[in-house]
Amino acid sequence: VSWAGVVLFGADTPEDILVEFQGDYVMEVARGILSFTNALRMPLILMPLHTLVCDTLQMLTVSQGAGGAESSALNAWRLFLGMPMLLLSSAGLAQWLSTLSSILGLLGGTCGVIGCFCVPGAMYLRVWYTKEGKTTSDCAIGAIFAIIIGFAV
């Protein structure tokens with residue numbers, strides 16, 4: 001599709017090639033189908049992000065002494081608030097950024113950062129706290145630093 005767009009419209013081809021065919025009924029149907037397909041794609045990206053956020057928050061907040069019980073705020077996030085908030089923020093980003101590839105890149109990058117920085121740091125802190133009963137060590141400081149970098153990025 002991108003090759004055909006460059007052949008038809010040259011170097012000024014827009015990112016969404018279908019916008020160049022204004023008034024063409026077939027292209028309007030194609031845009032509608034593409035929009036519907038992209039709308040179905042969003043939960044496939046947001047569900048892993050939601051799970052990573054829930055797991056990271058659970059590792060950082062759930063105390064071992066209380067039998068591993070979740071707080072009511074974390075439970076509400078996991079069951080009711082998390083996914084609708086992520087979907088609404090994605091819809092807001094869609095209006096602001098106006099290209100789906102930017103939104104998907106942002107969400108994918110967020111998943112990657114949480115999975116690569118925050119979850120390992122939280123796992124280390126959880127294991128260290130369970131084993132030692134404290135989180136004061138040079139390695140624990142490194143794990144906290146990884147989590148801070150993850151949230152900052």
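These notebook entries record what I looked up in a predicted model.

I number residues from 1 along each chain as its sequence is written. Local features need pLDDT of at least 70, side-chain atom pairs count only at pLDDT 80 or more, totals for chains, interfaces and linings use all residues, and side-chain values use heavy atoms, with hydrogens and water left out.

Helix H5. I took helices as DSSP runs (H or I, at least four residues), numbered from the N terminus. H5 covers residues 138-152 and reaches 21 Å from its first C-alpha to its last, close to the expected 21 Å (1.5 Å times one less than its number of residues). I found Ala140, Ala143, Ala146, Ile147 and Gly150 buried in H5 (under 20% relative accessible area, 1.4 Å probe, protein chains only). They lie on the same side of H5 because they cover an arc of only 115° around the axis, taken from the directions from the helix axis to the C-beta atoms. The face turned away from them carries the exposed residues Asp138, Ile141, Phe145, Ile148 and Ala152 (over 50%).

Isoleucine 114. I listed its contacts (heavy atoms within 4.5 Å), leaving aside neighbours within four places in sequence: Leu49, Leu52, Val53, Thr56, Val119 and Pro120.

Largest nonpolar core. I defined this as buried Ala, Val, Leu, Ile, Met, Phe, Trp, Tyr and Cys residues joined through side-chain atoms within 4.5 Å. Of its 22 residues, Leu49, Leu107 and Ile114 touch the most other members. Helices H2 (25-61), H3 (72-97), H4 (100-132) and H5 each give two or more residues to this core, and H4 gives the most, with nine.
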